[in-house]
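Please read it with the sequence and the coordinates open beside you.

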Amino acid sequence: RTAEFVVSVQYRLGCPMYTTAGQCPACGHFSDTKGDHAMNCGNDGERIARHNHLRDALHSTAVQACLAPTKEERALIPGNNSKPADVLIPHWTSGKDTALDVTVVNPLQSAMVDQAAVTAGHALKQAYKRKMRGTGEACRGVGIVFVPLP
């Protein structure tokens, strides 16, 4: 049994993963004993690791398909130094550059958990709306096709 498998099973079963609750060393927020915060933490948490693994797999696949992708390119939107695309594929959708944006959502985050408990897909729908309102509109404004990927 690998340690990773044991931790995954403990988390799925709701077993305590830590002996005490306390402050997260990465972000300073409260970290519970069952690992919910560790799975959601935006600073070096599992959510970031999952995002990066998915982004890298997507980029690798696009490279193998000879699509000339770039990874997390900055300044695609004039006057903005953000990275609207985890993977940018040039001239891919009807001749337009296409920004693929990996989104990892955990419905256990405090802002979502109540509604996610009663509405299937709630956290994913909220993330999609947020991405399309912000990054999606900015990309459309400069002729880039924006595709959020859950």
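The points below take up the basis of the model, the sheet, the salt bridges, the cysteines and a surface patch.

1. Basis. This is a predicted model, in which local features need pLDDT of at least 70 and side-chain atom pairs count only at pLDDT 80 or more, while totals for chains, interfaces and linings use all residues. Residues are numbered from 1 along each chain as its sequence is written, and side-chain values use heavy atoms, with hydrogens and water left out.

2. Four strands form an open sheet in the order 3-4-5-6, and the pairing is mixed. Strand 3 (70–71) and strand 6 (145–149) stand at the edges with a single partner strand each, so one side of each has no neighbour in the sheet. Strands here (E, at least two residues) and helices (H or I, at least four residues) are DSSP runs numbered from the N terminus, and two strands pair if DSSP finds at least two bridges between them.

3. Strand 3 with strand 4. These two strands pair in the antiparallel sense over two bridges. Lys71 has Val87 in strand 4 as its bridge partner, and Lys71 returns below as a member of a salt bridge with Asp56.

4. Strand 4 with strand 5. Strand 4 (residues 87–93) pairs with strand 5 in the antiparallel sense, over four bridges. Leu88 has Ala99 in strand 5 as its bridge partner, and Thr93 stands opposite Lys96 of strand 5. The hairpin of strand 4 and strand 5 has two residues between the strands, and in this hairpin Ser94 takes a positive phi near 50°.

5. Strand 5 with strand 6. Strand 5 (residues 96–102) and strand 6 run parallel and are joined by five bridges. In strand 6, Val145 is the bridge partner of Thr98, and Phe146 is the bridge partner of Ala99. Ala99 is also the partner of Leu88. Five of the seven residues of strand 5 are buried, so this strand is largely enclosed by the rest of the structure; buried means under 20% relative accessible area, exposed means over 50%, and partly exposed lies in between (1.4 Å probe, protein chains only).

6. Side chains of opposite charge can pair when their charged atoms come close. A salt bridge is taken here as a side-chain nitrogen of Lys or Arg within 4 Å of a carboxyl oxygen of Asp or Glu, and the count by this rule is five. The side chains of Arg55 and Asp56 meet in one of them, at 2.8 Å from N to O; Arg55 is buried at a relative accessible area of 11%, whereas Asp56 is partly exposed at 30%. Asp56 also forms a salt bridge with Lys71, with the closest N and O atoms 3.1 Å apart. Because Asp56 lies in helix 3 (residues 46–64) and Lys71 in strand 3, this pair ties together parts that are 15 residues apart in sequence.

7. The rest of the network. Which residues are linked in the network of salt bridges? They are Arg55, Asp56, Lys71, Glu72 and Lys83. Lys83 forms a salt bridge with Glu72, the closest N and O atoms being 3.2 Å apart. Both Lys83 and Glu72 lie in the loop between strand 3 and strand 4, so the pair ties together parts that are eleven residues apart in sequence. Lys83 is partly exposed at 36% relative accessible area, and Glu72 is partly exposed at 21%.

8. Cysteines. The structure holds zero disulfides, a disulfide being a pair of cysteine sulfur atoms within 2.5 Å. Cys66 is exposed, with a relative accessible area of 68%, whereas Cys139 is buried, with a relative accessibility of 0%.

9. Surface patch. Phe5, Val9 and Leu13 make a nonpolar surface patch of about 300 Å², and Phe5 is found in helix 1 (residues 3–13). Patches are made of residues with over 30% relative accessible area and no salt bridge, with like charges joined within 9 Å and nonpolar side chains (Val, Leu, Ile, Met, Phe, Trp, Tyr) within 5 Å. Accessible areas come from the Shrake-Rupley method with a 1.4 Å probe, and for residues only the protein chains shown count as cover.
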